Amino acid sequence: MIPGFKPLVSTSPHIKDKVSVRGIMLAVVIALIPATASGVYLFGLHALLVVVASITSAVISEFLGYKAMGKKFTMDGSAVITGLLLALCLPPTVPIWMPVVGSSFAILIGKCAFGGLGQNIFNPALVGRAFLTLSWPALMTTWVSPFDGVSTATPLGEWHAGHGYTPVENLFFGNVAGCIGETSALAILIGGIFLIAMKYVDWRTPLSYIGTVGILMWLLGEPPLFHIFAGGLFLGAFFMATDYVTSPVTKTGRVVFGVGAGLLVVMIRMYGGFPEGVCYSILIMNGFTPLIDRFTRPKVYGVMKKREGGK
Amino acid sequence: MLMKRGFRGGVHPLPNKLTSDKKIEKAKLPSRVVIPLRQHIGAPCDPVVEKGAKVKVGQKIGDSPAAVSAPVHSTISGTVSEISTQLLPTGDRVPAIVIEADDGDEWIETKGLDPEKASREEMISKIRECGLVGMGGAGFPTHVKLNPPKEKRIDTLIINGAECEPYITADHRLMLEEGEKIIEGAKIIAKILGVDNILIGIEDNKPDAIDNMDRLGGESVRVVPLKTRYPQGDERHLIKAILGREVPAGGLPFDVGVVVQNVGTTKAIYEAVTQGIPLVERVVTITGDVKESKNLLVRIGTLFSSLIQECGGPVGNTRKVIAGGPMMGFAQYVDVPVVKTTNCILVFSEERVREEEESPCIRCGRCIEVCPMGLMPTMLVKFTRAKKPEMCLEYNIMSCDECGCCAYVCPSKIPIVHVIREGKKAVRRLKK
């Protein structure tokens, strides 16, 4: 109909939003810069080495893993996030081989073994962390205080041992012992709010997760602010519980996920053997994600009774 | 101040309404028209003229005894040169009558009715004879829509002036230039249906149309401003936004006491009833990568190519010619005629067409968030590809209107609508 017309016949819609997988992943990496920078500032250049080693190992592992699966490897940025997140939840003193091994395990077993991006059930970074914790418990629980690197316990460790509560302002700014990227609630919050403002993260997950921990701890007579800001709750709530692949796809489901994870954190901290509980709370809820999705289907227009569940 | 209303989900693509300020112009008379014998939902017409017959503008050339069908008319004066199978803009192949124009533009004699005196049946029969169908896109025969089953009590007439698809301004211009006819047409429809409550839904990105219709409508026809959000113009969402009622799945607006008519159809109803003018022309927005975007009053059967030429021809290397809007329109690969439901011809050059490779679903949930029907498109894709039509059915795949919001927002560029269409086909096979 037009001279030289080379028609591209594709189905509607013929326009697409600009958002892309790579763009989202890049935004998450940018959002993690404040937490990463605060970790390096507090714990020194070794922390930066851990981060670099972890990311490099994750990307190389994904390349090899996809090759072995016969799938096309694309640098979509998801491996970078896995490597970075794993590094941020490691103690700043770990030897360099640990993030290398951990990231490798996270990507190859936590992600590729399930079929690659979008297929894995559990958050790969947390799979890597759980693996390292089980394999080298001593190295994974060696803590130092910021700046001077003197051996010490984390605020939750102190609390668990009955040594009282670290002041909330120290927890908020991050001037305490802990994993590289978890200590400064402020730095995490900056990145988290950025992702929420960009609409890349649903506020429901962190709010319900952190809110549940706060409210339950308050009901149990514990200082809620201490428990919210101490440990890895902020990092987990904003950056791990919100991982698209391993968390529910519905809005209601995300609230259920957050409340469930919060409940688990409180149970582990108050009645379990560990002072922390964020890592396991998220991994356990990851396992419930398909079930949550099934029972939180939105109401379909024109269908009067909401039918729940499968068959 | 009227409250603005909306519906669940939806998206907000760039409006790109390049022709909002362009007055409707009469297109050049075509030298040849292709009139498909089915331009509507329902049975195709049989030709009532033979090859070689002389025809005038408005002369009936095809009709059908079927209840759900609408006759077609010649849109130029000339000679029937062939009756053959032709391609519709929707991709279907249907029999069509091809007419070569003579020098004149001779019309048949038309006779209207006085809507004050005419009976309901007389008016419905006039509307049928004039070949009216829904001009907003679906093409449901108007006389069928205006004659709902007795047991359905209709209390509200909604005139659809939402025009939520980007680029299209045909209805917008009609509301500015032919507002009186739309209001009178709405009153005729209300009389036929026996309803008092007449509402016009218009998106708030057309304040001039809202003002104009509000002024002309007076007490009897009330304007309801709607939030600008695609797909507000889908009648299910229009009814939900304006009245808070949900059309049951598999049902029709009748079932909740509503009849919805597009503004273009409403104007055509006015002309058919009061003047007896058959549906031979309509407003088409020709836009995108053409030299000068226009709103043209086009004789049905005019080929897309001649209209694109009338707008100065394409700009850049054309990759897509779309019949309809960018969200739900059909990409063409050969020249096709304008039919009763063609509201837009959209030309995209290669700069506007991005071929993107699909990547795995990352379960971001955006498709669920924007689905105005409350479906879970990501699950429907998963079940369709896993060849599980029974699960597709369980997840209400048949409620999908294919509005395209899900595919629009998908960061993995999964052709969700395309996959869902496949899933629906599998479900239909399952039911057989």
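Which residue of E17(B) is the bridge partner of Gly288(B)? The points below take up this question together with other features of what is a predicted model.

1. **Strand E17 of chain B and its partners.** The bridge partner of Gly288(B) in E17(B) is Val347(B). This pair belongs to the link between strand E13 (residues 281–288) of chain B and E17(B), which run parallel and are joined by four bridges. E17(B) also pairs with E15(B), here in the antiparallel sense and over five bridges. Strands of a sheet pair through backbone hydrogen bonds, either parallel or antiparallel.

2. **Burial of E17.** Strand E17 spans residues 344–349 of chain B, and five of its six residues are buried, so the strand is largely enclosed by the rest of the structure.

3. **The side of chain B that touches chain A.** The contact between the chains draws 35 residues from chain A and 54 residues from chain B. On chain B, at least two residues each come from helix H8 (304–310), strand E15 (318–323), strand E16 (330–332), helix H12 (405–409) and helix H13 (416–431). E15(B) contributes the most to this side, with five residues. Sorted by class, the side of chain B that touches chain A holds 32 nonpolar, 14 polar and eight charged residues. E15(B) therefore deserves attention on two counts: five of its residues belong to the side that touches chain A, and the strand pairs with E17(B), whose residues are buried in five cases of six.

4. **A three-stranded sheet in chain B.** Chain B also holds an open sheet of three strands in the order E3-E5-E6, with antiparallel pairing. Its edges are strand E3 (46–47) and strand E6 (72–73), each of which pairs on one side only. Two bridges connect E3(B) with strand E5 (residues 60–63) of chain B. In this sheet, Pro47(B) has Gly62(B) of E5(B) as its bridge partner.

5. **Overall form of chain A.** The secondary structure of chain A amounts to 14 helices and two strands. The radius of gyration of chain A is 21 Å, close to the 19 Å that the globule rule gives for 311 residues, so the chain is as compact as a globular protein of that length. Along the principal axes, the C-alpha atoms of chain A fill a box of roughly 80 × 50 × 35 Å. Of its 311 residues, 52% count as buried. Among contacts in chain A between residues at least 6 apart in sequence, 72% join residues at least 24 apart.

6. **Confidence in chain A.** The average pLDDT of chain A is 94, and 98% of the residues score at least 70. Residues 306–311 of chain A stand below 50; beyond near neighbours in sequence, this stretch has six contacts in the model. Where pLDDT is low, the predicted coordinates should not be read in detail.

7. **Cis peptide bonds.** In chain A, Ser12(A) and Pro13(A) are joined by a cis peptide bond with omega of about -5 degrees. Pro13(A) belongs to the segment before helix H1 (21–31) of chain A. In chain B, a cis peptide bond joins Tyr230(B) and Pro231(B), where omega is about -5 degrees. Pro231(B) sits in the loop between strand E11 (221–226) and helix H6 (235–243) of chain B.

8. **Positive phi angles.** Most residues other than glycine have a negative phi, and most peptide bonds are trans. Phe147(A) is not a glycine, yet its phi is positive, near 65 degrees. Phe147(A) is placed in the loop between strand E1 (143–144) and strand E2 (151–152) of chain A. Phe147(A) is exposed, because 11 other C-beta atoms lie within 10 Å and the limit for an exposed residue is 12 or fewer. Asn396(B) likewise has a positive phi, of about 55 degrees. This residue occupies the loop between helix H11 (389–394) and H12 of chain B.

9. **A loop position in chain A.** Is Pro167(A) buried or exposed? Pro167(A) lies in the loop between helix H7 (155–160) and helix H8 (168–173) of chain A. With 11 C-beta neighbours inside 10 Å, Pro167(A) counts as exposed. The C-alpha atoms of Pro167(A) and Ala230(A) are separated by 9.9 Å, while the two residues are 63 apart along the chain.

How values were computed. Residues numbered from 1 in each chain as written. Chains lettered and ligands numbered in written order. Predicted model: local features only at pLDDT ≥ 70, side-chain atom pairs only at ≥ 80, totals over all residues. Contact = placed C-beta atoms within 7 Å. Nonpolar A, V, L, I, M, F, W, Y, C, P; charged D, E, K, R; others polar. Buried ≥ 20, exposed ≤ 12 C-beta atoms within 10 Å, placed from the backbone. Pairing = 2+ DSSP bridges. Rg over C-alpha atoms; globule rule 2.2 N^0.38 Å. pLDDT = per-residue confidence, 0-100.
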